[in-house]
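My notes follow in the order in which I checked things.

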Amino acid sequence: MASLGQPAFRAKQLEDWVFRRPATSFSQMTNLPAALRQKLQDSFNLESLTPIKEAASRDGDARKVLFRLHDGKSIESVLLSYDDRLSVCVSTQVGCAIGCPFCATGQQAFERNLSVAEIADQVLYFARRLSEGQNLTNVVFMGMGEPLANYDATLQAVGVLNSERGFGLGARHMTISTSGLAPQIVRLGKEPLQVGLAVSLHAAEDSLRDELAPINKRYPLKELISACKQYMAAGGRRITFEYTLFDGVNDSLAQARQLAHLLKGLGALVNVIPANPGGSPKFKAPSPEKVAAFMAELERLAVRATLRARRGADIVAGCGQLRSREIASARRS
Ligand code: SAH
Ligand code: SF4
């Protein structure tokens with residue numbers, strides 16, 4: 001505003017529009033002078049993302065949007081409504097270099113990191129379009145890409161979303177999910193922001209985890225668990241472990257016992273998630289009976305575990321799937 005020759009209070013007004021009020025264009029910012037609105041419109045983009053495809057789940061609880069970025073690349077984000085929460089799942093990269101075989105994003109080549117604006121704008125896009133009385137309560141960094149491989153932009157986006165002058169969402173209401181970049185987990189533990197951490201484990205033995213989450217070859221379980229302990233010791237914060245269940249791959253009772261043994265003494269919570277269709281067709285969800293038996297074994301071993309329902313699977317809500325279709329149809333045409 002100073003460079004535009006405007007008084008300082010205009011900056012506050014603009015900030016208010018950008019982060020708190022539902023303007024989707026500069027022309028709606030009616031407390032700014034018309035000439036200034038025009039100048040802003042000529043020089044800046046209010047939104048860095050262009051929606052190109054939308055899908056809603058049959059139950060209406062999930063809304064997924066495919067966005068086009070300024071360089072023609074695309075990413076997707078999902079709005080998830082629960083009884084008491086309204087959550088946005090955001091992407092942090094275009095594609096992903098980790099290459100987990102069950103994950104739709106993992107089958108796409110890594111193209112680039114998202115900028116701070118591109119990450120934060122996924123949240124603001126939905127926030128600006130909610131109905132009266134609706135409020136976003138959570139942000140999860142569980143879309144496309146590995147957030148801790150784009151560490152600085154992800155943390156800065158958390159900062160913008162958390163800031164009182166920004167979006168003002170409590171850091172505890174945000175969760176970063178990682179496939180297990182051990183050094184970055186240790187680093188995150190030292191950050192002053194109280195953002196939550198989820199570690200995608202999926203296997204409690206190295207040979208299987210090497211296959212399911214290839215980053216394990218670089219940071220094997222011993223190193224990963226040690227990083228998790230350092231994270232918890234540094235900030236007194238807990239970690240959620242994600243364990244996606246794949247039929248005949250990691251769902252045996254012996255593997256439940258292995259998992260209990262690995263997490264012993266960590267006081268961790270395990271989220272068990274039956275697989276969504278995503279990457280290789282080899283990876284399917286087990287039958288409900290097998291899932292129940294796995295959960296019962298964890299309970300018997302006093303592991304705190306919750307079973308996460310499959311949500312929005314009918315709109316291909318799994319990570320990276322809308323974009324995979326887009327790429328496939330672009331190849332066909
Ligand atoms: N790269 C990070 C965050 C994005 S993936 C990570 O891996 O944690 C977010 C979550 O979706 C991870 O827990 C991942 O394992 C899970 N996921 C990916 N594909 C899936 C599928 N087909 N079914 C169930 N969960 C899947
Ligand atoms: Fe990347 Fe996460 Fe998908 Fe693995 S699960 S390929 S780390 S986005």
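The entries below cover the ligand, then the charged pairs, then the cysteines.

**Entry 1: ligand 1.** I note at the start that this is a predicted model. Which residues come nearest to ligand 1? I found 17 residues around it, and G145, S177, S200, H202 and N276 come nearest. By class, I sorted this shell into 6 nonpolar, 10 polar and 1 charged residues.

I then looked up polar contacts. S200 places a polar side-chain atom 2.6 Å from an oxygen atom of ligand 1. For G145 I listed a backbone N or O atom, 2.9 Å from a nitrogen atom of the ligand. E146 has a polar side-chain atom 3.4 Å from a nitrogen atom of ligand 1. On its own, ligand 1 has 530 Å² of accessible area, and the protein covers 91% of that.

**Entry 2: salt bridges.** How many salt bridges does a search of the whole structure find? I got 16.

E15 and R165 meet through their side chains, at 3.0 Å from N to O. E15 lies in helix α1 (residues 9-19) and R165 in the loop between α4 and β8, so this pair ties together parts that are 150 residues apart in sequence. I have R165 as exposed, because its relative accessibility is 52%, and the cut-off for exposed is over 50%.

R308 and E242 form a salt bridge at 3.6 Å, N to O. R308 is in the loop between β12 and α10, and E242 is in strand β10 (residues 239-245), so parts 66 residues apart in sequence are tied together. Are these two buried or exposed? R308 is partly exposed at 32% relative accessibility, whereas E242 is buried at 5%.

D251 pairs with K290, and their closest N and O atoms are 4.0 Å apart. I placed D251 in the loop between β10 and α8 and K290 in helix α9 (residues 288-300), 39 residues apart. D251 counts as buried at 8% relative accessibility, and K290 as partly exposed at 37%.

I also looked for shared partners.

**Entry 3: cysteines.** How many disulfides does the structure hold? I found 0. C89 has a relative accessible area of 11% and is buried. C96 is at 12% relative accessibility and also counts as buried. Both calls follow because buried means under 20% relative accessible area.

Notes. Residues numbered from 1 in each chain as written. Chains lettered and ligands numbered in written order. Predicted model: local features only at pLDDT ≥ 70, side-chain atom pairs only at ≥ 80, totals over all residues. Heavy atoms only, no water. Disulfide = S-S within 2.5 Å. Buried < 20%, exposed > 50% of the residue type's maximum accessible area, 1.4 Å probe, protein only. Near = heavy atom within 4 Å. Polar contact = N/O pair within 3.5 Å; in protein donor to acceptor, adjacent residues only side chain to side chain. Areas by Shrake-Rupley, 256 points an atom, 1.4 Å probe, with all protein chains shown as cover. Nonpolar A, V, L, I, M, F, W, Y, C, P; charged D, E, K, R; others polar. Helix = DSSP H or I, 4+ residues; strand = E, 2+ residues; numbered from the N terminus.
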